[in-house]
Amino acid sequence: MASMNAFMFFNSGFNSGASIMHKHMQIIPYSSMEGEIPVEQAALHYLKNNQVQNRMFILPQFKAFKHIFYRIDNDFFEKSSESEEGAEEMSEKLDNYYWQCLKKLGNEDHALDVSYNLLVTKNFLFIALRQIEAVKEDTKTVTVNSLGFAGTHAVKREEDLEIIRKYSPIGILE
């Protein structure tokens, strides 16, 4: 991931906005995004302005949805690209962080009926539980998946944009 300067995402469960039901992670280069990743920037801002000692934390401004951040060391991904052993160690650590976050969110058994979105950025592992897959009003629909937390919402029709304009890109996540 370090050599690609990218982030990963994963959508799990029926209400996660997953477009394909088999499990898979996707990697997207930061350069393909317009600007920064909103949740990552919000978390960095929060850490800068608050004394947070724990690696796991939540953001008060995201109180409308249950979520967790796990802070990753700055050189975490660089170290992993140095050797096969480094990559294996990174994989084991990420797996450990992932399970710690699921446990903190009350899903340590990885229940299939619990939907969530996951982002792994250069700074954080982020998981948000999901109750609904899409925001719908009349004939308008905006499906939200992990990329919504990265600042990207896909709409099928021009009129669907009205929902995003009404609630804002972050408001739609709530």
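Analyst: Aromatic pairs and their surroundings

This predicted model contains 14 aromatic pairs. Two rings of Phe, Tyr or Trp (for Trp, its six-membered ring) are paired if their centres lie within 6.5 Å; planes under 30 degrees apart are called stacked, those over 60 edge-to-face, and the rest tilted. F65 and F149 make an edge-to-face pair, with 5.4 Å from centre to centre and 70 degrees between the planes. F65 sits in the loop between β3 (56–57) and β4 (67–71), while F149 belongs to helix α4 (residues 146–149), so this pair ties together parts that are 84 residues apart in sequence. Helices (H or I, at least four residues) and strands (E, at least two) are DSSP runs, numbered from the N terminus. F65 and F149 are both buried. Buried stands for under 20% relative accessible area, exposed for over 50%, and partly exposed for what lies in between, with a 1.4 Å probe and protein chains only.

F149 also pairs with F126; this pair is tilted, with 5.3 Å between the centres and 55 degrees between the planes. F126 is part of strand β6 (residues 124–130) and F149 is part of helix α4, so the pair ties together parts 23 residues apart in sequence. F126 is buried, as is F149. Ring pairs join Y46, F57, F62, F65, F69, F124, F126 and F149 into a cluster.

A ring can also have a charge over it: the charged end of K122 is placed over the ring of Y30, 4.6 Å from its centre. The criterion is that NZ of Lys or CZ of Arg is within 6 Å of the ring centre and within 35 degrees of the ring normal.

Some notes on the basis of these values follow. Residues are numbered from 1 along each chain as its sequence is written, and side-chain values use heavy atoms, leaving out hydrogens and water. Local features need pLDDT of at least 70 and side-chain atom pairs count only at pLDDT 80 or more, whereas totals for chains, interfaces and linings use all residues.

Strand β6 leads on to helix α3, whose buried residues pack against β6 and also against β1 (6–12), β3, β4, α2 (76–80) and β5 (115–120). Contact means heavy atoms within 4.5 Å. Helix α3 (residues 84–104) has 21 residues and spans 30 Å from its first C-alpha to its last, close to the 30 Å expected at 1.5 Å a residue. The expected span is 1.5 Å times one less than the number of residues. G86, M90, L94, Y97, Y98, C101 and L102 are the buried residues of α3. They cover an arc of only 140 degrees around the axis, so they lie on the same side of α3. That arc is taken from the directions from the helix axis to the C-beta atoms. On the other side of α3, the residues E84, E85, E92 and K103 are exposed. After α3 comes G106, with a positive phi near 85 degrees.

I127 is another residue of strand β6. It counts as buried because its relative accessibility is 0%. Leaving aside residues up to four places away in sequence, I127 touches K66, H67, I68, Y98, C101, L102, L105, Y116, N117 and L118.

Finally, the chain as a whole. It has 5 helices and 8 strands, and 44% of its 174 residues are buried.
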